[in-house]
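Look over the model below before reading on.

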Amino acid sequence: MNIVLWICGITLSIAGALAMVRLAKGPSILERVIATDVLLLIVSAALCVDMTINKHTDNLVFVLLACLVGFVGSVTVSRFVTDRRNA
């Protein structure tokens with residue numbers, strides 16, 4: 001069980017670092033929004049791993065809200081950002 005926990009922790013840490021690099025570098029607002037969505041999903045995945053290891057469901061509401069906010073935010077921004085190359 002400890003090996004699985006270490007693999008999940010290392011994988012989520014690397015993914016979080018790469019998402020933060022994309023969030024900082026951009027270059028467009030759409031890529032930053034997607035990086036924010038991915039970062040929210042990584043936090044949600046870490047909370048799911050914690051709930052699985054410790055056998056509780058205390059963070060389930062936060063996981064659902066984070067996924068919902070990430071999805072709605074990404075869809076909203078992508079809906080209102082226009083492609084300026086074709087305009």
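Predicted model: local features only at pLDDT ≥ 70, side-chain atom pairs only at ≥ 80, totals over all residues.

Next comes the overall form. The C-alpha atoms of the protein chain occupy a box of roughly 55 × 25 × 15 Å along the principal axes. The radius of gyration of the protein chain is 16 Å, whereas a compact globule of 87 residues would have a value near 12 Å.

How much of the protein chain is buried? Buried residues account for 16% of the 87 residues. The accessible surface is about 6600 Å², and carbon and sulfur atoms contribute 72% of that surface. Contacts can also be sorted by distance along the sequence. Of the contacts between residues at least 6 apart in sequence, 43% link residues that are at least 24 apart.

Now turn to charge. The protein chain carries 7 positive and 5 negative side chains. The centres of these two sets are 10 Å apart. Side chains of opposite charge can pair when their charged atoms come close.

Which residues form a salt bridge here? Arg-22 pairs with Glu-31, and their closest N and O atoms are 3.2 Å apart. This separation falls within the 4 Å cut-off, so the pair counts as a salt bridge. The count for the model comes to one salt bridge.

Glu-31, with a relative accessible area of 32%, is partly exposed.

Terms used
Residues numbered from 1 in each chain as written. Heavy atoms only, no water. Rg over C-alpha atoms; globule rule 2.2 N^0.38 Å. Buried < 20%, exposed > 50% of the residue type's maximum accessible area, 1.4 Å probe, protein only. Contact = heavy atoms within 4.5 Å. Areas by Shrake-Rupley, 256 points an atom, 1.4 Å probe, with all protein chains shown as cover. Lys, Arg positive; Asp, Glu negative; His and termini not counted. Charge placed at Lys NZ, Arg CZ, Asp CG, Glu CD. Salt bridge = Lys/Arg side-chain N within 4 Å of Asp/Glu carboxyl O.
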